[in-house]
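Subject: Structure handover and notes

Hello,

Please find the structure below, followed by notes on what was found in it. The notes can be read alongside the sequence.

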Amino acid sequence: MRKRYLAITGSILALAIPAWAAGSIQFPVDLDNLAARATESVNVTLDASMLHLASDFLGNNDPDQAKVKQIVSKLNGVYVRSFEFDKPGQYSMRDVAKIRAQLRKPEWTQIVGVQSSKGEHTEIYVRKNGNQVGGLVVLDAEPKELTIVDIDGAINPKELSELGGHMGIPKIGIGHEGAGGH
């Protein structure tokens, strides 16, 4: 994942926000058409049953794996769509408009919005249920890359760094280079 995305997401991890399960966003079918234009595409779809199956491969004797297993047990799903292109202009912001429209509903709140003069846009949304958070969505759009991450379920954003590198979730941590760094 891009360091800019990770640095911004890492700053969110410092927040101690309680979480509660919620429904995930719907990825539009036409988003999959981007894969045909992409030089590389990633499609991770892990619903609750697949997360449970995947967590069975994690050991209980390793403290890190045991912690990941505990966190995953509370999730309803992890969904990642990522596309990398040869050159700018092979996708447009209209391609993510249907997802962004879902994030405008009253239960979603944008907590981070970054736009650069280089055409890079990062948005982080949390799904609220009263005073609690029930989901997290990251939209990261760069001229040659587009990534959408949807974590659905009872997860405290601080726990995301524990999941990094497991089950298709990128490594996320504090201390990465700032915005725009690659």
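A residue is called buried here at under 20% relative accessible area, exposed at over 50%, and partly exposed in between, using a 1.4 Å probe and the protein chains only. By that rule glutamate 123 is buried, because its relative accessible area is 10%.

The model is predicted, so local features need pLDDT of at least 70 and side-chain atom pairs count only at pLDDT 80 or more, while totals for chains, interfaces and linings use all residues. Residues are numbered from 1 along each chain as its sequence is written, and side-chain values use heavy atoms, with hydrogens and water left out.

Overall layout

The protein chain has 182 residues, of which 46% count as buried. It contains six helices and six strands, where helices (H or I, at least four residues) and strands (E, at least two) are DSSP runs numbered from the N terminus. Their order from the N terminus is α-α-β-α-α-β-α-β-β-β-β-α.

Valine 78 belongs to strand β2 (residues 75-84) and is buried, with a relative accessible area of 0%. Its C-alpha atom is 5.9 Å from that of aspartate 150, 72 residues apart along the chain. Leucine 163 is in helix α6 (residues 160-163) and counts as buried at 1% relative accessibility.

Salt bridges

Side chains of opposite charge can pair when their charged atoms come close. A salt bridge is taken as a side-chain nitrogen of Lys or Arg within 4 Å of a carboxyl oxygen of Asp or Glu, and the structure holds two.

Glutamate 123 pairs with arginine 100, the closest N and O atoms being 2.7 Å apart. This pair links distant parts of the chain, with glutamate 123 in strand β4 and arginine 100 in helix α5 (residues 97-102), 23 residues apart. Arginine 100 is buried too, at a relative accessible area of 15%.

The other salt bridge joins arginine 127 and glutamate 107 (4.0 Å, N to O). Arginine 127 is in strand β4 and glutamate 107 in the loop between α5 and β3 (108-115), so parts 20 residues apart in sequence are tied together. Arginine 127 is partly exposed, at 22%, and glutamate 107 is partly exposed, at 24% relative accessibility.

Cavities

A cavity is a set of points on a 1 Å grid over the protein atoms alone where a 1.4 Å probe fits but cannot get out, and its lining residues have an atom within 4 Å of a point. There are two cavities of 30 Å³ or more. β5 (132-142) and β4 (121-129) each supply at least two lining residues, and β5 gives the most, with three.

Surface

What makes up the nonpolar surface patch of about 340 Å²? Met50, Leu53 and Phe57 do. Patch residues have over 30% relative accessible area and no salt bridge, with like charges joined within 9 Å and nonpolar side chains (Val, Leu, Ile, Met, Phe, Trp, Tyr) within 5 Å. Phenylalanine 57 lies in the loop between α3 (48-55) and α4 (63-72) and counts as exposed, at 71% relative accessibility.

Regards

Methods: Areas by Shrake-Rupley, 256 points an atom, 1.4 Å probe, with all protein chains shown as cover. 1 Å grid on protein atoms, 1.4 Å probe; cavity = no way out; pocket = protein on both sides within 12 Å on 5 of 7 lines; lining within 4 Å. Points joined across faces, edges and corners; volume = space filled by probe spheres on them.
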